[in-house]
Amino acid sequence: MMELTRKGEYAIRGIIYLAQQPPGKVSLISEIALATDVPQTFLAKIFQSFAKLGMINSSRGTGGGFVLGRPASSITLRQVVEAVEGPIIPNRCLMDSGACDRGGYCNVHNVWRTVQNNVIGILDSVTIEELAKPTS
């Protein structure tokens with residue numbers, strides 16, 4: 001079964017929270033963790049991954065915290081998921097050439113490739129800006 005891990009779910013919650021804040025508002029990790037119901041230490045590790053990729057900016061000390069590193073409209077759901085989960089690969093045969101010795105003649109390989117392309121396409125089509133909008 002392909003399933004998003006808790007880490008992926010928490011990552012999505014955290015970045016959506018930042019996207020919902022007024023532009024330039026710096027948010028404390030404790031504030032984000034409380035608002036998103038995510039353990040603070042877990043969220044801090046997730047945000048380290050985001051900071052390395054430039055998705056968020058962090059600052060230390062008085063007045064420090066987190067803010068989006070680029071517009072929410074330029075961050076896709078795929079980027080968020082892959083930042084913490086790694087590449088979207090529904091079967092090991094898609095990892096790289098040689099990962100599966102049946103790749104040249106397996107009829108299922110193309111099905112897995114189609115699944116992968118469809119999932120990636122869907123996640124690439126959704127931005128954090130869209131997800132941060134209030135639901136009606």
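Read along the sequence, the secondary structure of the protein follows the pattern α-α-α-β-β-α-α-α, with 6 helices and 2 strands in total; helices (H or I, at least four residues) and strands (E, at least two) are DSSP runs numbered from the N terminus. The model is a predicted one, in which local features need pLDDT of at least 70 and side-chain atom pairs count only at pLDDT 80 or more, while totals for chains, interfaces and linings use all residues. Residues are numbered from 1 along each chain as its sequence is written, and side-chain values use heavy atoms, with hydrogens and water left out.

Along its principal axes, the C-alpha trace of the protein spans about 60 × 30 × 25 Å. The accessible surface comes to about 8,400 Å², of which 53% belongs to carbon and sulfur atoms, as computed by the Shrake-Rupley method with a 1.4 Å probe, only the protein chains shown counting as cover for residues. Of the 136 residues in the protein, 35% are buried, where buried means under 20% relative accessible area, exposed over 50%, and partly exposed in between (1.4 Å probe, protein chains only). When contacts (heavy atoms within 4.5 Å) between residues at least 6 apart in sequence are considered, 60% of them join residues at least 24 apart.

In soluble globular proteins, nonpolar side chains tend to be buried together. The largest nonpolar core in this model has 32 residues, and those with the most contacts inside it are Ile15, Phe47, Phe50, Ile56, Leu68, Val80 and Ile128; such a core is a set of buried Ala, Val, Leu, Ile, Met, Phe, Trp, Tyr and Cys residues joined through side-chain atoms within 4.5 Å. At least two residues of this core are supplied by each of α1 (6–19), α2 (29–36), α3 (40–52), β2 (65–68), α4 (77–85), α5 (109–124) and α6 (128–132), and the largest share, 8 residues, comes from α1.

Within α4, the buried residues are Leu77, Val80, Val81 and Val84. Seen down the axis of α4, these residues fall within an arc of 95°, so they line one face of the helix, the arc being that of the directions from the helix axis to the C-beta atoms. The buried residues of α4 pack against α1, α3, α5 and α6. For Val80, when residues up to four places away in sequence are not counted, the residues touched are Ala11, Ile12, Ile15, Phe50, Met55, Ile75 and Ile128. Just after α4, Gly86 takes a positive phi of about 90°.

Several loop positions were also examined. Thr76, in the loop between β2 and α4, is buried, with a relative accessible area of 12%, and, leaving aside neighbours within four places in sequence, Thr76 is in contact with Leu123, Asp124, Val126 and Thr127. Gly54, in the loop between α3 and β1 (56–59), counts as partly exposed at 28% relative accessibility. With neighbours within four places again set aside, Gly54 is in contact with Gly69 and Arg70; the C-alpha atoms of Gly54 and Arg70, which are 16 residues apart along the chain, are separated by 7.4 Å. Asp37, found in the loop between α2 and α3, is exposed, with a relative accessible area of 61%. Most residues other than glycine have a negative phi, whereas phi of Asp37 is positive, near 60°.
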